[in-house]
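Work through the exercises below with the sequence and the 3D structure open. Try each task before reading its solution.

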Amino acid sequence: MKRIRMERYARLILIGRGMTLAGLLVVGAVAVAADMLEPVLKDRGKHFQTEGKVVPVEKDGIHDPVNASVGYLQPPHVAMTDFPRDNAGLTNWVETVDKGLIAPRADLLGHAQMKLLDTDIIFADTGAMPKVRFPHKAHTEWLDCSNCHPAIFTQQKGTSNIAMTDVLQGQYCGVCHGKVAFAPTLNCMRCHSVP
Ligand code: HEC
Ligand code: HEC
Ligand code: HEC
């Protein structure tokens, strides 16, 4: 099921290769519109229920219903009510951290410090789409270097030969985006942000 959807997007992207920017933006918009119509896809990337008919946490399919602590959890629609959203209506976690609404810990007890790196990588092999900006800062506020180096990316600019279909199929950026970070099928422009 998931695979078929992936291929549909992959096809959209491949069609996109030979198109003008305007055409591509339409392709993107269609992909996003298709997402909005499909309830399953619509929920992808929304790891927590923040609106709609609220299901108790022990019934949300994410939390362990028999864990004794489940009753102490603050419901996400309460805890996350003021969190900023992105254009796709999903929690914008980067802004949430930047505004100080949450403070991710580097280790369990909060003793260690995150190792921050503030450099951007620009991926320019994007055809008529805007270029992709990979910000180390927004990532190292949450993630240790070892999450990406060396298994997913080498520490050398321009060595990964990334195609959009790889990302959609869960490789490179797609190891996280579409699973624990915003989905590559939504909000193309959060990655393709450099004209
Ligand atoms: C999580 C980040 C991310 C998101 C979101 C994203 N892309 Fe990409 N995209 C990339 C990266 C990385 C590349 C590779 C660029 C390179 O190698 O220089 C790429 C490349 C592309 C290319 C160039 C051709 C190809 O197949 O590689 C197209 C076209 C493209 N993306 C379209 C889209 C569309 C349409 C969307 C939204 C439905 C989208 N992208 C969303 C990261 C992203
Ligand atoms: C979320 C994934 C991710 C994390 C976490 C990450 N990086 Fe990277 N890093 C990348 C990507 C993507 C590239 C570009 C690879 C390419 O161009 O093929 C890169 C490239 C680099 C480069 C080469 C850049 C250049 O300008 O030549 C260095 C050095 C580097 N990273 C160091 C680090 C260090 C140090 C940390 C931890 C503080 C870190 N990275 C954390 C994804 C990550
Ligand atoms: C190891 C996991 C991981 C990988 C690999 C990864 N990301 Fe991310 N990315 C995250 C997380 C976590 C966030 C913050 C949560 C969110 O925004 O959903 C994030 C956020 C972002 C943002 C938002 C920055 C902002 O200022 O709003 C961009 C853009 C982005 N990633 C691009 C990329 C691109 C491009 C790649 C591949 C070259 C990539 N990421 C690879 C985990 C990852």
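**Exercise 1.** Sort the residues of the shell around ligand 2 into nonpolar, polar and charged, then find where they come from.

*Solution.* 
- Step 1. In this predicted model, the shell around ligand 2 holds seven nonpolar, eleven polar and two charged residues.
- Step 2. Pick out the nearest of the 20 residues: His-139, Cys-145, Cys-148, Lys-157 and Ser-160.
- Step 3. Assign the shell to elements. Helix H6, residues 136-140, gives the largest share around ligand 2, with three residues.

**Exercise 2.** Do the sorting for the shell around ligand 3, and name the element that gives the most residues to it.

*Solution.* 
- Step 1. Ligand 3 is surrounded by 22 residues. Trp-93, Val-94, Cys-173, Cys-176 and Ala-181 are the closest.
- Step 2. Two or more residues each come from helix H5 (93-98), strand S2 (132-135), H6 and helix H8 (188-191).
- Step 3. Strand S2 gives the most, three residues.
- Step 4. By type, the shell around ligand 3 has 18 nonpolar residues, three polar and one charged.

**Exercise 3.** Which residues form the largest nonpolar core, and which residues does Cys-173 contact beyond its neighbours within four places in sequence?

*Solution.* 
- Step 1. List the core. Its five residues are Met-164, Val-167, Leu-168, Tyr-172 and Cys-173.
- Step 2. Follow Cys-173. With neighbours within four places set aside, Cys-173 is in contact with Val-167 and Pro-184.
- Step 3. Link this to Exercise 2.
- Step 4. Buried residues are 16% of the 195 residues in the protein.

**Exercise 4.** Where is the confidence of the prediction lowest, and where is it highest?

*Solution.* 
- Step 1. Take the overall value. The mean pLDDT is 79, and 74% of the residues reach 70 or more.
- Step 2. Compare elements. Helix H1 (residues 2-17) is lowest, at a mean of 39, and S2 is highest, at 98.
- Step 3. Look at residues 1-45. There the pLDDT is below 50, and the stretch has 38 contacts in the model beyond near neighbours in sequence.

Technical notes: Residues numbered from 1 in each chain as written. Chains lettered and ligands numbered in written order. Predicted model: local features only at pLDDT ≥ 70, side-chain atom pairs only at ≥ 80, totals over all residues. Near = placed C-beta within 6 Å. Helix = DSSP H or I, 4+ residues; strand = E, 2+ residues; numbered from the N terminus. Nonpolar A, V, L, I, M, F, W, Y, C, P; charged D, E, K, R; others polar. Core = buried A, V, L, I, M, F, W, Y, C linked by C-beta atoms within 7 Å. Buried ≥ 20, exposed ≤ 12 C-beta atoms within 10 Å, placed from the backbone. Contact = placed C-beta atoms within 7 Å. pLDDT = per-residue confidence, 0-100.
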